[in-house]
Amino acid sequence: MIDATPARDGLPSARRPKDLLYSEGFRAAAYQIALAAAVVFIGLFLYQNVVENLQRQNIATGFGFLKEVSQFEIGETLINYSARDTYARALLVGLLNTLSVSAAGIVLATIIGFSVGIARVSNNWPLQRIATGYVEIVRNVPVILQVIFWAAVTRNLPAPRQALDLWGLGFLSNRGMTFATPVADPAHGWMLLALVAGIVLAAVGDRWARRHREATGKHVDMLWPSVAVIIGLPLIVWLAFGAPHLISFPERKGFSFVGGYTISPEFVALMTGISLYASGFIAEIVRAGIEATPKGQVEAARSIALRPRFIMRYVVLPQALRVIVPPLTSQYVSLIKNSSIAVVVGYPDLVNIGNTVMNQTGQAVEAIAVMMTVYLIISVVTSLLMNTYNRLVAIKER
Amino acid sequence: NSGDTLAAVKARGEVLCGVHPARHGFAAPDSQGKWSGFEVDFCHAVAAAIFGDANKVRFVALSSQQRFPAIQSGEIDVLARNVTATLGRDTALGLNFSPPIFYTGTGFLVRKDDGITNVEDLDGAAICMAPGSTTERNVAQIFAARGMKYTPVVIENNKQLVDAYVTGRCDALTKDKAALPGVRAVDTENPDDHVLLPGIYSKEPLAMAVRQGDDQWYDLMKWVVYATFNAEEMGVGQANVDEMKSSTDPDVQTLLGVIGDNGTKLGVSNTWAYDIVKQVGNYKDIYMRHFGPDSPVALDREQNVLWTEGGLLYGLPMQ
Amino acid sequence: MSQSTSMQAADAPIISLHNVSKWYGQFQVLCAVDLVVRKGERVVVCGPSGSGKSTLIRCINRLEVHQEGRIFVKGLEMTDNVKNIDAIRRNIGMVFQNFNLFPHLTVLENLTLGPMLTRQMKKADAEDLAMHFLRKVRIPEQARKYPLQLSGGQQQRVAIARSLCMEPEIMLFDEPTSALDPEMIKEVLDTMIELAQSGMTMIVVTHEMGFARTVADNVVFMADGRMVESAPPEEFFGNPREERTRTFLDQILKH
Amino acid sequence: MSQSTSMQAADAPIISLHNVSKWYGQFQVLCAVDLVVRKGERVVVCGPSGSGKSTLIRCINRLEVHQEGRIFVKGLEMTDNVKNIDAIRRNIGMVFQNFNLFPHLTVLENLTLGPMLTRQMKKADAEDLAMHFLRKVRIPEQARKYPLQLSGGQQQRVAIARSLCMEPEIMLFDEPTSALDPEMIKEVLDTMIELAQSGMTMIVVTHEMGFARTVADNVVFMADGRMVESAPPEEFFGNPREERTRTFLDQILKH
Amino acid sequence: MSAGDWLKRNLFSSVWQTLLTVITAAVLLRFFWFVLDWGVINAVWFTSDPEVCRAATGACWAVIAEKHRPMLFGLYPYDEHWRLVLMMAIYLGTVVFSLMPRNWNLRLLVPLWCVAAVSIGVLMFGGVLGLRYVPTSEWGGLPLTMLLFTGTVLFGMPVAVLLALGRRAPLPVARGVSVVFIEALRGVPLITILFVAVNVFPLFLPAGVQVDKLLRITIGIAIFFACYQAEVIRGGLQAVPRGQYEAAASLSLTYWQTTTRIILPQALRICLPAITNHIIAAMKNTSFVIIIGLFDILTATTAVMQDPLWRKFYVEAYLFVAAVYLFFGYALSLYARKVEKWIASGRI
Ligand SMILES: Nc1ncnc2c1ncn2[C@@H]1O[C@H](COP(=O)(O)OP(=O)(O)OP(=O)(O)O)[C@@H](O)[C@H]1O
Ligand SMILES: Nc1ncnc2c1ncn2[C@@H]1O[C@H](COP(=O)(O)OP(=O)(O)OP(=O)(O)O)[C@@H](O)[C@H]1O
Ligand SMILES: [Mg+2]
Ligand SMILES: [Mg+2]
């Protein structure tokens, strides 16, 4: 702001209009306006070009195509879909496939990553070396090479007729992994319900145990009761329904198998590739998290005679998780993004289907915009969740 | 700027032609990186027409996904990459199609020992195909019409696609029928273990595409194609073109630029058609070079013969 | 408690080390250390950096494992018997140089964690106890804050209170003031002096010679893993027997 | 220079603050501070922690922006005029508590950077100048080392030399010795005393009352953002007018 | 520590430990035996007859010997492969030379890089000196991977620095622009950016203006790289103490002087390990170009593995490619560790 105070003590006033150019505030404003103008100008220029180019080349624009009939089939769908559905639904199928392969990949990567990460800090020398070697290799070979490698492996599995028998429970062939599954039975729905009930009950039990401990000082171990209730309830339901034990075993028929459930080789290759790749990074995150809890914390806990289990549960884990969870989430996000290389192995994920849509309709701009937006939403939602988590668990400081 | 492709090409000194990266018979680089194939020859023909030198062409290998953006954006001048001419592409993609240079349809390559003899046997099969191809839609229709099911395995990368079929991931590989013999001949370990299902199940007219809005350039494409048809019809081939120059048939004379100024009207030299036939050949020459009985990708001409012989090739008169 | 029994108790050694040695690899940190501490006694350990002071007191509650010699605490020998270790640790409180408070728990939770989990106290009782000791260290108003929101001096006082909540008979201090700003040193030392005056058995590693003079019954000087001198403060500061002790005191008192 | 002109110059205020106030959010750090420093004058600022001493001297070279009142340095007013700020900063050297040497540059490079970049000196000249001042602070032999290879006292002397290389007329010191070990405090204070004796105008925030007694022309006491008292050292230490000053001096001299 | 101590501490400190040691050792031995048996003892090293390989029970390293040229050089005209060999020699020579601290002298390196760039350009493109012209669409293999990687880093690093500075700038507009740019690009997969580079980017240009596809792809990967790197550098900038800014201000250095002389050198040193990680990641990311059909070393190898006669030996071929990536990645991280040591010891 310009203050019109007259000069005092015969000193020159720094506030003459010509000095405006030297004013920090004015300069800052000028730079910003210039930058904003440049951004707007470039944006307009690009937009203008796109519009002109599309017009000149007579390319259709707009998202109207999403409502058109797709006229192509998709190999793996989680929802009903046929060639008579719209492009929008085809893309939805792709999105769900992206999410399902990512979910499976995340579970696998987490299990492997945590195991290897713990092995990395084990004081058993050979185990530590194996873990280190694994991490180095898996992290440093491009994920796409790993996926292509696993695709080659799955394709070179024997044909269905010579499929590998998985101990009578299923088959492994170049058509994928086919499992025996229980024949659908009304009991299953109830068992699922029982499982949920069991989990809820276990949680309630845990709370009760804590209250009990706080009220009486008696520590009740709820680990085994929890396990029992979570496994037991569905089991009881199953028995109550007369233990329906019909299992649909896959059988070779026609080109492939009937019965059971088949996971496609593309899914297996993609999931294996991206989750092994991520597991290397997760292992490092876990290791860092474990090492991040200062030694002094454990010593202090020991000096108040806490037992190892309690030290783990009340001192080490809460602190390690704060370190582990944020980078872990970004690994999950990058695993989801990596699933987009599905297109090289032919798994029908969002990008693969988007690609087909792009070719069918020729509307590259719109199709790519759809893909980018979806991934952006996934990233933004995750990072919002992550920020909330960080705020909730942040260690309060001055 | 819409009318200046020809001028730009002349100024550049070469034609940029988008082709398939590896489709034996149509377009593929040999181990020395030299391109050859049916569609490649049509690119040569365009170059011959413009420059009188069939080699003034540069090939740009394009995946099926990249082919339309490449032509739309002007990265290439002409697209000769197994493009099926359809109304949708003509309009929504802002393209113009030359007269079809190859009539084909969806075909299926299957393993002999699977005992498949026609499409009806494919119920429940896993079928490998490329994304965004007309094939993808045709297959959907073929199976829907017969009330059959199949599992599409859709792979963009052609190598990966063929690999998926050859290793047995799929029971059938589907592509334009014309493309399958190439796969069979080159990519399979033992070509005799594989057969092409007989019959054609859809219309797949392959044509060259140019950007909409440049009529001069579009005209040139059309007439390059017609010139190869007409040359065959008139019996003018690579072998006899020089003798035919002295033919007294006015049609032949017009074709070869001995009389008239067709070239000037098209914006190229009057010997343009002569150059095509001399350096590349007429339709039959081109066809036989790549699909003839001696080539690795032998293909019957089927509909790809002159209208006079009951085929679909019909060159418009060149007066 | 009558005067005589307390005298008697005070005579029995509550901690005794016999000939304790420890090595890190090839490097010997403790060389045949002997130390006897009686109930209610206050021992100050000093010595140059790296002389093994920390190691010594960390061996007493088995944060480090000694390799030779024997350590007894309240008549129990420190072996790798988990029961013994547990019993001994319950009797010993320890205060670290870097406080080592649990940063994810409030001050109150830091204090109640031990009593609730290892002494099976009710939450309400544990909190009463905690508030009692927080008042003793004069920061009851900070109970709901998190450790990192406190000043260093306050944190160290919380750490002392945390140890006291286990109601130990012995307190070990490992340079409790050396990570603190000068203004805060005093508040912590005051707390420790009060504790000493209440009759707690204490072993204190510190360079605060003023503190040693005020409260110590015995000052122990260590160098190179050996116990060089051990004497009551008047003697230790007034007339040290050993040359090394003298050099060390010269250096440290010149400040 | 004749006696009279130097007297005259000494009389003109080289720094003057009129009614300067500053807020951080709601919190007022400086309340209507008035201060006049004449050429060659040496002012020591003291006061309890958080009283705004640092903020005050940081306003003088605009490391902080004041919100009310006016600050003049050598007749130029400190506004947001970039030209003025630049001119003023060139005339003011500043030494920080944490030295703030550039760790990626050698001592010599630390010293020549300013002269070369802002005074457009040739490299050779700048290095001569740098060596001159390094000799003055008595560490010419450290010229090729990196700051982190030096002791704290040496680092602080390098920092002083770095400021001097800009040949400023005024030097500001913000607790230059409080991050130092006791042994090193003296070497830095000696350097500062020499500097004072050479006639440099100085404003020094410090708790070293010995230094204040020796060199200050004026001691200023601040509390809660206000200038509570300002007097020559004899008066300030001998007979402080204000109650708060007395309390403060009691505390600080007890140490 | 004596060997006995070490063994006891790390291998046999308890029953459980001993058991674990035995099991892991058994697994390790089994693995190494397999590697030895399959990869060395029964392997076929040289043959041009795939039948020989098929008969063997071990690895068929002959496939690499047989196919190394198309794997390493892709579609590049066969007769001109010598140009690529020469190009790689020049490239690697230049890079190795520039990495040695004793050569860190702009007056030496700038001309060197200019000369190297020109000669690499001449070799790759040809069209002069009687060399046959080879358009970028025919480039391939390892040289292409190298060029993509170098282009990514050379173009991406400055952009990353600018974005990082922008994100920490005192000007809200600059901050806003940088944040949106960085976060938007980090939120999407690299593939979509490649799609944009190939399919959409031409639409952004005015009619008639064209940018080579290879260049567009390089820029796409580089910008993607820059957005990740910017976050790393921002971390480094944040780690530079405020006192450094203040000391610079009190020497009346300008914003750019402060930034280039004081802040950036320190920030880059601080986050060097993370920077290296992302540079290595950038090298791995070049392999994504297989999706848009560029013939880098991975694409070239998958293409080679099309050959029905050699198709069976894909494991060996992919191992070879993995080894190439591991080699360069490992070399980079070794070098970075060395630089960290130099920094710690004050050598740079
Ligand atoms: N885990 C360890 N491994 C190897 N050496 C160690 C370890 N812990 C301590 N030392 C060494 O043992 C010696 C004694 O360490 P200790 O911490 O007991 O000394 P201190 O007298 O407490 O010194 P300070 O006054 O610095 O705390 C030192 O030389 C130290 O370097
Ligand atoms: N950036 C800031 N934001 C908010 N408050 C601040 C900031 N910087 C300083 N303060 C507050 O302003 C007050 C004065 O700070 P200043 O650093 O000037 O005190 P000081 O007298 O130098 O104290 P010390 O002796 O501790 O250095 C303090 O209460 C401090 O907490
Ligand atoms: Mg110690
Ligand atoms: Mg201060």
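**Reading contacts, sheets and spans**

Tutor: A nitrogen atom of ligand 2 lies 3.4 Å from an N or O atom in the side chain of D:Tyr24. A polar contact is a pair of N or O atoms within 3.5 Å; within protein, one must be able to donate a hydrogen and the other to accept it, and residues adjacent in sequence count only if both atoms are side-chain atoms. This is a predicted model, in which local features need pLDDT of at least 70, side-chain atom pairs count only at pLDDT 80 or more, and totals for chains, interfaces and linings use all residues. Residues are numbered from 1 along each chain as its sequence is written, chains are lettered from A and ligands numbered from 1 in the order in which they are written, and side-chain values use heavy atoms, with hydrogens and water left out.

Student: Which backbone atoms lie close enough to an oxygen atom of ligand 2 to be listed, and at what distances?

Tutor: A backbone N or O atom of D:Gly50 is 2.8 Å from an oxygen atom of ligand 2, and one of D:Gly52 is 3.0 Å from an oxygen atom of the ligand. Taken alone, ligand 2 exposes 630 Å², of which the protein buries 59%; accessible areas come from the Shrake-Rupley method with a 1.4 Å probe, and for residues only the protein chains shown count as cover.

Student: Which element gives the most to the shell around ligand 2?

Tutor: Helices (H or I, at least four residues) and strands (E, at least two) are DSSP runs, numbered from the N terminus. H2(D) gives the most, with three residues; strand S2 (27-38) and helix H2 (53-60) of chain D each supply at least two. A residue is near a molecule or strand if one of its heavy atoms lies within 4 Å of it, and the residues around ligand 2 include D:Phe27, D:Val29, D:Lys53 and D:Glu175.

Student: What is the make-up of the shell around ligand 1 by class?

Tutor: Ala, Val, Leu, Ile, Met, Phe, Trp, Tyr, Cys and Pro count as nonpolar, Asp, Glu, Lys and Arg as charged, and the others, Gly among them, as polar. The shell around ligand 1 has four nonpolar, six polar and two charged residues. C:Tyr24, C:Pro48 and C:Thr55 are among them, and H2(C) supplies the largest share, three residues.

Student: Which polar contacts does ligand 1 have through side chains?

Tutor: A polar side-chain atom of C:Ser49 lies 2.6 Å from an oxygen atom of ligand 1, and a polar side-chain atom of C:Lys53 lies 2.7 Å from an oxygen atom of this ligand. Alone, ligand 1 exposes 640 Å², and the protein buries 59% of that.

Student: What is the strand order of the open sheet in chain B?

Tutor: Strands of a sheet pair through backbone hydrogen bonds, either parallel or antiparallel. Two strands pair if DSSP finds at least two bridges between them. The five strands in chain B run in the order S10-S9-S11-S8-S12, with mixed pairing. Strand S10 (150-154) and strand S12 (194-196) are the edges, each pairing on one side only. Strand S8 (residues 106-111) and strand S11 (residues 172-176) of chain B pair in the antiparallel sense over five bridges, and B:Gly107 has B:Lys175 as its bridge partner in S11(B).

Student: How is the "transmembrane region" annotation of chain E to be read?

Tutor: UniProt positions are given in the numbering used here, feature names are shortened, and annotations may be inferred rather than shown by experiment. The unreviewed UniProt entry lists several such spans in chain E, including 214-233 and 317-336. Residues 214-233 are 100% helix and 0% strand, with end C-alpha atoms 27 Å apart. Residues 317-336 of chain E are likewise 100% helix and 0% strand, and their end C-alpha atoms lie 29 Å apart.
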